[in-house]
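I opened this notebook to record what I looked up in one structure. The entries follow the order in which I took up each topic.

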Amino acid sequence: MSHDSFLSALVQQLGADCVHIGSQVEARFHTDWSGQPPVAPLALVRPRSTEAVVSLLRLCHAHRIPVVPQGGLTGLAGAAVPTPGCVALSLERMQAIEDITPRTALMTVQAGATLQSVQEAAVAAGMVFGVDLGARGSCQIGGNVSTNAGGNGVLQHGMMREQVLGLEVVLADGTLLPMLRPMLKNNTGYDLKQFFIGAEGTLGVITRVLLRLRPAPQAKATALVAMPDFDAALAVLQRMQRHFGNSVAAFELMWDSFVQASIRWQKLQPPFAQSHPLLALIDVDGKDEASLRAAVEEALGEAMEAGEVVDAVIAQSQAQAKTLWKLREAPAELNTQMHPPINFDVSLPQADIGRFADAVQAAFDVRWPGHHSLFFGHVGDGNLHVSTDGATVNSECEAVEAELYRLVGEFRGSVSAEHGIGLHKKPFLHASRTPQELAAMRAIKAALDPLGLMNPGKVFD
């Protein structure tokens with residue numbers, strides 16, 4: 001059938017207020033934050049209910065029209081970029097927080113709810129949600145699940161996968177999978193929801209999510225710690241975990257290149273009288289602020305005596321803690337300060353992160369003398385971010401990517417820690433997945449989406 005007949009049926013079934021065609025589709029739906037070239041979809045659909053999503057996918061399946069799910073469009077791998085002739089499916093109108101039960105620490109939300117709205121609803125109920133990241137005000141829960149998002153809370157609470165107790169998903173042919181049973185234990189065959197967490201919309205559309213919440217801490221201590229090298233940083237992390245266990249809520253490591261850029265870009269006061277090779281932002285949860293700060297001070301004092309820490313400051317108020325965390329917010333400036341930023345989000349065996357960073361720096365020094373590269377990350381969970389200014393490497397973005405991902409392969413790491421594969425990392429997926437693993441992934445795709453209509457061309461061809 002022609003596109004005209006499909007579009008006519010689309011408007012008739014879903015209503016003109018939900019369907020946007022041609023020039024009606026705003027440019028923001030043509031791409032995401034990845035920098036991938038924009039593509040205008042055949043149509044944009046913004047449903048208000050799961051039933052509308054079911055109707056849309058049934059119609060697209062009957063007409064063999066591909067579907068590209070879109071959340072907050074904050075992804076950095078191109079997973080939400082439309083493909084030619086597709087329907088872009090935006091979940092932004094499905095943003096309701098439908099139920100929150102503090103007694104059982106559960107929350108049910110529609111997939112279009114923003115991460116920030118979920119966080120705020122949890123706090124209002126005396127709880128916290130275990131995932132946090134910089135795009136919290138824009139990114140949506142469905143996208144967070146589809147990319148298995150990480151962020152600052154992974155060390156304590158795990159990835160998005162650990163926060164999801166149930167899902168409601170619509171398959172490519174419109175079949176509805178209502179997997180929202182509120183039980184931690186459900187050992188009845190395949191755990192189907194796991195197929196869709198991290199699948200980047202290639203297997204189905206997530207429409208509802210049943211989330212696990214955590215008790216809110218009564219107190220929090222924040223410290224900024226200077227260390228001489230990466231081995232010392234690991235020793236400090238281990239020391240803090242010995243003292244405080246799972247109460248260590250964050251361990252964000254920043255190389256001096258990142259620290260100096262953050263100070264310069266945000267016009268901040270240097271936290272110490274002199275620069276140091278590595279700084280770590282550490283959050284620890286507890287029950288009483290005064291006693292918790294005293295315990296953190298004691299632990300860091302031991303680390304100083306052991307030569308692991310050369311300087312430290314412990315926030316004496318929440319305002320001071322917020323000021324210390326401002327140092328970590330430099331990534332928000334990357335798009336305006338680098339031309340363009342070449343961003344990497346990789347995962348490595350924790351003990352090898354320092355050597356990997358040194359290897360990248362050395363390799364870039366040889367090929368692009370004078371390059372400007374920043375190293376930072378959630379090192380407590382093995383996640384390292386690298387950002388290189390394209391203007392300082394002769395705009396050889398693809399060569400920079402090839403070199404860094406070559407090293408990821410040598411170190412037996414992952415080319416994506418938390419941003420997914422999308423379009424951008426497809427050429428490098430082989431560095432982290434064997435041919436046998438890729439074949440198994442393709443078999444799952446063929447079983448759940450035999451016509452290849454769900455987000456085609458993403459993750460793998």
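The model is a predicted one, in which local features need pLDDT of at least 70 and side-chain atom pairs count only at pLDDT 80 or more, while totals for chains, interfaces and linings use all residues. Residues are numbered from 1 along each chain as its sequence is written, and side-chain values use heavy atoms, with hydrogens and water left out.

**Entry: salt bridges**

I counted as a salt bridge a side-chain nitrogen of Lys or Arg within 4 Å of a carboxyl oxygen of Asp or Glu. The structure holds 21 of them. For helices (H or I, at least four residues) and strands (E, at least two) I used DSSP runs, numbered from the N terminus.

I looked up Arg 208 and found it paired with Glu 168, with the closest N and O atoms 3.0 Å apart. This pair links distant parts of the chain, since Arg 208 is in strand β10 (residues 205-212) and Glu 168 in strand β8 (residues 164-170), 40 residues apart. Glu 168 counts as buried because its relative accessibility is 7%.

I then turned to Glu 308 and Arg 239, whose side chains meet in a salt bridge (2.9 Å, N to O). Glu 308 lies in the loop between α9 (289-305) and β15 (311-314) and Arg 239 in helix α7 (residues 230-244), so the pair ties together parts 69 residues apart in sequence. Both residues are buried.

Glu 403 and Arg 406 form a further salt bridge (2.6 Å, N to O). Both lie in helix α13, 3 residues apart, about one turn of the helix. Glu 403 is buried at 15% relative accessibility, whereas Arg 406 is partly exposed at 39%. I also noted one network, in which salt bridges that share partners join Glu 26, Arg 28, Arg 46 and Glu 92.

**Entry: pocket and cavity**

On a 1 Å grid over the protein atoms alone, I took a cavity as a set of points where a 1.4 Å probe fits but cannot get out, and a pocket as an open set with protein on both sides within 12 Å along at least five of seven lines; lining residues have an atom within 4 Å of a point. Grid points are joined across faces, edges and corners, and a volume is the space filled by probe spheres set on the points.

The second largest pocket holds about 830 Å³ of space. Of its 33 lining residues, Gly 198, Ala 199, Arg 433, Met 441 and Val 459 are the closest to the centre. Two or more lining residues come from each of α6 (193-196) and α14 (435-448), and α14 gives the largest share, 4 residues.

I found 3 cavities of 30 Å³ or more. The largest cavity contains about 50 Å³, and its lining consists of Lys 220, Ala 221, Thr 222, Arg 293, Ala 315, Ser 317, Gln 318 and Ala 321. β12 (219-227) gives the most to this lining, with 3 residues.

**Entry: a loop residue**

Where is Asn 394 found? I located Asn 394 in the loop between β18 (383-389) and α13 (397-410). Asn 394 is exposed, at 58% relative accessibility. Trp 368 is 26 residues from Asn 394 in sequence and 8.0 Å away in space, C-alpha to C-alpha.

Conventions
Buried means under 20% relative accessible area, exposed over 50%, partly exposed in between (1.4 Å probe, protein chains only).
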